[in-house]
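Here is a short briefing for a first look at this structure.

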Amino acid sequence: MTAHARARRCPLFAETFDKAASTDDRSVSRPRAALHRAAPALALFAAARLTGMVVVALWAWHIGRSPRALLATSWDSKWYVGIAANGYGRTVYWPDGAVQSDLAFFPLYPGLIRAVTSVVPVTGGTAGLVLSWVAAGAAAWGVYAVVERLHGRRLATLTVLLWGLLPHAVVLSMAYTEPLLTAFAAWSLYALVTGRWLWAGALAGLAGLTRPNGIAVAAAVCAVAGCELWRRRGTKGGRAAVWAAAALAPAGWLGYVLWVGARKGDVLGGYFAVQSGWTSRFDLGLGSLKVIRSMVTAPTFFGFPMALVIAGVGVLLFALFVLDRPPLALLVYTGVLVLITVGGSGFFESKPRFLLPAFPLLLPLAAALTRARPRAAITVIAALAGLSFCYGTYLTVAPTAL
C-alpha cells in the first residue's frame, strides 16, 4: 500500500498526508473541479427533490390547497417567518397549560430570511424556501465531498441520491432549518477530514446557531481536536489552529443558549425551561416509550407509527455504521444526533426530521447497493422513491407536526 493510500484511509489529521498527497489535494480540491466531480450526484439529488415537489404540487391543487403555502408556511416555518419579521417575543399559551415561546428557535435561519427580504421584494415564506433550496444543494455537495473523500465517487453519488429519497426528505424542500444545518455540518466534517481546523470550527459554530441539535457538529470538532491535541502533546507547533477550532465550534450554540437564559432570568436553565414548554427535554427516551405504549393501546395518526419505524431503522443503520469503524468525526457527529433523537421527548412524529442531517447513517445502505446486482439496486431505489414522494406529500397535509 502506498503512502498516499495509507493517508487517505486515516483522514482525521492534516499531518497524515505526505507531500505528494497534499500536492494532489491542492490540484483536485479547486471548487470548479470538485463541482464537476459532484455534478452527477447533484443532478440526481435535484431530480429527486424536484419530482417530490411536483407530486406535492399536484396533490395540493387536487385538494384545493396552495403548494407554496404547504412548503413555505407549515408548522415551524410560520415561527421562523414570524421571528424574521418581528423579532423574538411571541409566546402562545394553550388551554392544557403548555407555553410555547419563539425563543425555542435558533436565530440564524430567521436572520437570513430577514436579510433576504430586506434586499429582495419577496415574502418571508418565499425567502425561506429559496434559502432552504440553496442550502439543500450546498448540503448535497457537502455530503458528496465527505463520502467521496472517504469512500470514492460511486458510494458518494449513491449516498447523495439516497439522502434525497428518504421518506421524510420533503423537509429539504420546505422552509425548515434541516437543509441549512446539514450544509454547515457536512462542510465542517469535510474540513475536519482534510485538516482545515479553522473552517471546521467556524462552520460548526454556524451550525450551532441554526438548530438545537447543531451541537452534534461542535461535539465532532471538539472530539477530533482533543485527539489531535493529545497526539501533539509535547510539541510546540501547529496547536493554535486546533485550539481555535475547539473554541469556535460550540460558540454559536452556547452563545444563543446563554442569551436566552439571560433573557429569561436564568442563565443556565432558561433555555431548557423554554424547551420544556414545548414538551422537549432529554429524558433518555422515557417520553418516547409512553408515546409508543399509547400507539399500541389506542388508534393514532399514521405519522406516529411511521416515525417509530424510521427512527428504528435509523438506530439499526447506526449500529451497522459503527461496525464499519468510521472516522471519529463522523462517528461522534452521527452518534450525538441519534442520541438526541432517541433520548429526547417531545414531538415524537418529528423524530425522522431530527435524523435527517445524520447522512452518515446511509453509508451502510449505499455500500450494500454498490455490491448488489444493478437490477436489485434499481428496484430498491425505485421503491424508496415511491415511498419518499407519497409519504412526503402526506406529511405536508397531515394533521400532525412535521
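The UniProt annotation "transmembrane region", from an unreviewed entry, covers residues 39–61, 159–177, 197–230, 242–262, 301–323, 330–348, 354–370 and 377–397. UniProt positions are given in the numbering used here, feature names are shortened, and annotations may be inferred rather than shown by experiment. The model is predicted: local features need pLDDT of at least 70, side-chain atom pairs count only at pLDDT 80 or more, and totals for chains, interfaces and linings use all residues. Residues are numbered from 1 along each chain as its sequence is written, and side-chain values use heavy atoms, with hydrogens and water left out.

**Two annotated spans**
- Residues 354–370 are 59% helix and 0% strand, and their end C-alpha atoms lie 27 Å apart.
- Residues 377–397 are 100% helix and 0% strand, with end C-alpha atoms 31 Å apart.
- Helices (H or I, at least four residues) and strands (E, at least two) are DSSP runs, numbered from the N terminus.

**Glycine 392**
- Glycine 392 sits in helix 20 (residues 374–397).
- Its relative accessibility is 1%, so glycine 392 counts as buried (under 20% relative accessible area, with exposed over 50% and partly exposed in between; 1.4 Å probe, protein chains only).
- Neighbours within four places in sequence aside, glycine 392 is in contact with Pro167, Val170 and Leu387 (heavy atoms within 4.5 Å).
- From glycine 392 to glutamate 228 is 164 residues in sequence and 42 Å in space, C-alpha to C-alpha.

**Helix 3 and helix 8**
- Helix 3 (residues 31–62) and helix 8 (residues 153–164) pack at about 15 degrees, with axes 8 Å apart.
- Axes are lines fitted to C-alpha atoms, for helices over the stretch in contact, and angles run from 0 to 180 degrees between N-to-C directions.
- Helix 3 and helix 8 are therefore roughly parallel (under 35 degrees; over 145 is roughly antiparallel, 65 to 115 roughly perpendicular and the rest oblique).
- Helix 3 contributes Arg37, Ala41, Leu44, Phe45, Ala48 and Arg49 to the contact, and helix 8 contributes Arg153, Thr157, Val160, Leu161, Trp163 and Gly164.

**Helix 5 and helix 6**
- The axes of helix 5 (residues 76–86) and helix 6 (residues 108–119) come within 8 Å and cross at roughly 55 degrees.
- Helix 5 and helix 6 are therefore oblique to each other.
- Tyr80, Ile83, Ala84, Ala85 and Asn86 of helix 5 meet Tyr109, Pro110, Ile113 and Arg114 of helix 6.
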